Amino acid sequence: MPTLHWLTRDEDVRAAAKTPTRLLEEAPELGYGDRDAGNMLIQGDNLEALKALLPYYAGQVKCIYIDPPYNTGSAFEHYDDNLEHSMWLAMMWPRLELLRGLLSEDGSIWVSIDDREGHYLKIIVDEIFGRSNFLTSVIWQKIYTIKNSAKHFSDMHDFMLCFAKDSEHLKCNDLPRSTKQDNAYKNPDNDPRGPWKATPIQARNYYSKGEYKIETPSGRVIEGPPSGTYWRIAKEKFIDLDKDNRVWWGKDGNNIPAQKRFLSEVTTGVVPTSLWLHQDVGHNAEAKNEVREVFRDVNQTFLTPKPERLIERIFQIATNPGDLVLDSFLGSGTTAAVAQKMGRRY
Ligand SMILES: C[S@@+](CC[C@H](N)C(=O)[O-])C[C@H]1O[C@@H](n2cnc3c(N)ncnc32)[C@H](O)[C@@H]1O
């Protein structure tokens, strides 16, 4: 498998093992809420913190979200984001290795990043997690306005690399159906079973029983499925569906038939996609507003937060209530806040 090389690589791949295991020290004066809930906010370098967590939480974390510095060359109020490229990789490697050790066999890790380091990052995560455990890189529309002063392209998205600890064991949850999706179901023939959506009965996949003549209610004979396709349903099943008024022939009874799928019979949610739009999961400006709301009395609020809806979407897909989640680049605390609201342990 091709791998990425940089000057200090040999040293960096040994860094996690060489990091001493230190004990976490409780600061009760900073504690809040139920101590036995087990939730933790840890202050310090995350390399040492992750190493300290390992003896207690190895293999137990269901979902890790991280939003490391993107290495944009900026000096933000709360942290520097300007490492030489190799140093950035050197920073990421041992942390990713420790994070992998913390993940459960059915767990997943989601890493926010942009084009500056993203492709280099993908190669090292491939190496640490295994290429077969790469699931997708989600495109997140972080900005919805075009910046006309941009030199070449107006940057509107980040991406999130999503890896399973073991893709054979990971089960992603479907997402709840949206009103917009439900509104696609109509009831033009006043079917007492309620709104339905017409879905084609032909498909490209070969089906041995998928070639037969059909006569429409208007008397037109359809010689067979459209060229290059097969009916998806055998003739007997098609006749049964039609008897049960589950076939739609168009208003005049003359169209190629389609199957009526009733909203009342749709039990599943929607499978997650790799394109996340700002309307659905928030955007940068929304995230900044959320932080401003929480830290009203603080002069300089955190500049690079993620919106809560983005993290919520990740947890909807990758976790269930009560699961343990982790973010080792916590920033303003969005991941912990969302975990708290969604009943995940953190
Ligand atoms: C991009 S921000 C994360 C923002 C966060 N997702 C939010 O919603 O607010 C990156 C954070 O990682 C922290 N960070 C960078 N290097 C770190 C390290 N070695 N140990 C712990 N935190 C680190 C920075 O201080 C910053 O708060």
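## Two domains

How far apart do the C-alpha centres of domain 1 and domain 2 lie? They lie 46 Å apart. The assignment, whose bounds come from an automatic or database source, gives domain 1 as 9-174 + 271-342 and domain 2 as 179-265.

A word on the model: it is predicted, so local features need pLDDT of at least 70 and side-chain atom pairs count only at pLDDT 80 or more, while totals for chains, interfaces and linings use all residues. Residues are numbered from 1 along each chain as its sequence is written, and side-chain values use heavy atoms, with hydrogens and water left out.

## The sheet

Now look for an open sheet with mixed pairing, built from six strands in the order S14-S5-S6-S4-S1-S15. Strands S14 (275-276) and S15 (325-326) are at the edges with a single partner strand each, so one side of each has no neighbour in the sheet. Strands here are DSSP runs of E with at least two residues, helices are runs of H or I with at least four, and both are numbered from the N terminus; two strands pair if DSSP finds at least two bridges between them.

S1 (residues 61-66) and S15 run parallel, joined by two bridges. Ile64 has Leu326 in S15 as its bridge partner.

## Helix H10

H10 packs on this sheet, touching S1, S4, S5 (134-141), S6 (157-164), S14 and S15 (contact means heavy atoms within 4.5 Å).

Is H10 (residues 308-318) mostly covered or uncovered? Mostly covered: eight of its eleven residues are buried, among them Leu310, Ile314 and Phe315. Buried means under 20% relative accessible area, exposed over 50%, and partly exposed in between (1.4 Å probe, protein chains only).

Technical notes: Axes are lines fitted to C-alpha atoms, for helices over the stretch in contact, and angles run from 0 to 180 degrees between N-to-C directions.
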